[in-house]
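Grab a pencil and have a look at the chain below. Then work through the exercises one step at a time.

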Amino acid sequence: MDSLNPRLHIEPASRASSIFDLPTRNPGRSTTEFIEQEGSGSTWTHKGIGILSATFIVISGGSGCNAICSAFPQNQTCYVLPVTDDGGSSSEIIRVIGGPSIGDIRSRLIRLIKISTPQVNSIRRLLSFRLPAQSEQGARDMWRDIIEGTSLLWKDIPPDRKELIRGFLVYFENEALRRAHKAFAWSNGSIGNFFLAAAQLFFRSLPSAIFLFSSITGSEGTILPVLVTNHTVTIAADLSNGKRIVGQCNISHPVSSADAEILEGLEDDDHHKINSPQNVYFTKSAQSDATNLEGTIQRVYYINAHGNEIYPHPNADFLSNLRERQFLVYSCGSLWTSIIPCLALRSVASGIACSPCLKAKILLLNYRNDRETDGYTALDYVQAITNTLNRHDLTPRTAGTVTRPAYPVSAFVTHLVYLSDTPIRVQEEELATMGVSCIAVTSTTVKGGFNAETVAQALDDIISTLDDTDSP
């Protein structure tokens with residue numbers, strides 16, 4: 001069912017009937033696990049057994065959680081990601097071809113690839129490669145080498161997987177050529193984004209595309225898009241000064257190339273509009289340079305191509321995992337454009353508050369505030385999550401005469417983990433009265449912020465405390 005075109009919602013009769021289940025993996029884990037953090041050049045040994053036997057559902061964006069993924073036992077972790085990012089090479093795919101944003105999902109799939117052989121490493125290198133950003137002609141030339149199979153990026157990739165990946169890349173190019181009047185810009189394009197977008201177009205199913213990507217690369221963990229749709233998904237933010245900002249990129253990190261009307265090019269059949277290329281070159285390191293918002297964000301919500309608020313159904317597998325997992329983690333990252341879009345959906349609040357299995361709901365507080373949360377305290381983060389969940393649990397379309405009290409803060413957040421040297425004010429006593437336990441941890445990174453070791457230690461402490469409480 002398309003989340004953006006809701007009809008009568010019927011839960012699947014059995015989770016075993018889903019054709020989108022990821023390949024079965026060996027669940028066996030040792031009590032001591034050695035984890036190598038990709039790209040960090042450091043290793044650490046995790047000795048706690050609590051975290052290795054626990055199951056997690058992690059709500060996050062694309063980049064905020066990547067650095068801490070190895071804190072979780074991947075075979076027992078489900079990652080829920082938004083499909084609203086309209087920056088990077090996703091912006092150009094959306095402008096020309098349409099469909100949901102897949103950049104954050106591709107980033108997580110790449111991050112969770114377990115490098116077991118040189119062949120797998122070559123596939124990871126190919127799918128994480130970006131075409132040159134400086135020259136459109138140079139990007140086109142390199143793209144031509146890739147789809148013709150002559151690029152050195154194909155070295156060590158087995159022929160069967162090479163032809164499968166290349167086939168979908170050719171399919172993507174064909175879709176771009178069908179819309180030649182929109183002049184697709186190849187510069188800065190992500191090969192992984194092209195492959196995932198092509199699979200989504202071919203299957204008309206984002207979960208099927210994720211399944212294919214995981215099968216080819218051996219990505220660990222379960223990755224769920226928060227919405228299952230074949231249409232472009234757009235969010236908007238209402239500010240305290242009465243203004244509205246449309247589009248995730250404009251909310252979190254506006255760039256000069258986004259001056260064009262945001263709602264243009266959202267429909268696949270919108271052939272009468274010839275939009276100029278809008279491939280947005282953006283890195284998270286540049287986010288601190290963004291100008292402050294004119295007012296504080298009051299709420300974030302979904303809109304359709306006409307700018308009207310809509311109330312999508314979440315991915316049914318998201319709700320089922322809320323019922324089955326033991327620990328919910330709100331990851332560090334952009335609060336209003338990464339976390340909130342996963343919460344501003346029907347029935348998510350009830351799914352979290354009424355879950356029979358969730359033992360703890362843990363918020364990893366950002367190390368510092370960004371453009372979206374300028375001046376926020378820890379209490380502001382907790383209240384933003386609580387207010388969003390309560391507001392969207394019953395929508396004007398579905399509530400009817402149904403009334404119920406708002407869930408308390410502790411129904412959604414039971415633990416807040418923060419770094420001891422954070423400049424963000426943490427009101428421990430006030431949060432404690434709301435049922436939220438605050439846990440301070442020490443950063444072990446030079447730049448500050450969470451890393452996998454810090455998060456794993458905090459999770460172990462929480463699990464140990466809960467186990468001690470449950471013990472007779």
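Of the 472 residues in the chain, 58% are buried, where buried means under 20% relative accessible area with a 1.4 Å probe, counting protein chains only. Keep in mind that this is a predicted model, in which local features need pLDDT of at least 70 and side-chain atom pairs count only at pLDDT 80 or more, while totals for chains, interfaces and linings use all residues. Residues are numbered from 1 along each chain as its sequence is written, and side-chain values use heavy atoms, leaving out hydrogens and water.

**Exercise 1.** Work out the order of the strands in the open sheet, and find its edges.

*Solution.* Step one: know your elements. Helices (H or I, at least four residues) and strands (E, at least two) are DSSP runs, numbered from the N terminus. The chain has 15 helices and 13 strands.

Step two: follow the pairing, which takes at least two DSSP bridges between two strands. You get 7 strands in the order S5-S4-S3-S10-S11-S12-S13, paired in parallel.

Step three: look at the ends. Strands S5 (222-225) and S13 (437-441) each have a single partner strand, so one side of each lacks a neighbour in the sheet.

**Exercise 2.** Zoom in on strands S11 and S12, then find a helix that packs on the sheet and touches both.

*Solution.* Start with the pair itself: S11 (residues 360-364) and S12 (residues 415-419) run parallel, with 3 bridges. Isoleucine 362 has histidine 415 in S12 as its bridge partner.

Now for the helix: H12 (residues 378-393) packs on the sheet and touches S10, S11 and S12. Touching is a matter of contact, meaning heavy atoms within 4.5 Å. The direction of H12 makes about 130° with that of S11; axes are lines fitted to C-alpha atoms, for helices over the stretch in contact, and angles run from 0 to 180 degrees between N-to-C directions.

**Exercise 3.** Is aspartate 393 buried or exposed, and which serine side chain does its own side chain join in a polar contact?

*Solution.* Next, check its cover: with a relative accessible area of 4%, aspartate 393 is buried.

Finally, go for the partner. The side chains of aspartate 393 and serine 350 make a polar contact of 2.6 Å (a pair of N or O atoms within 3.5 Å; within protein, one must be able to donate a hydrogen and the other to accept it, and residues adjacent in sequence count only if both atoms are side-chain atoms).

Notes. Buried < 20%, exposed > 50% of the residue type's maximum accessible area, 1.4 Å probe, protein only.
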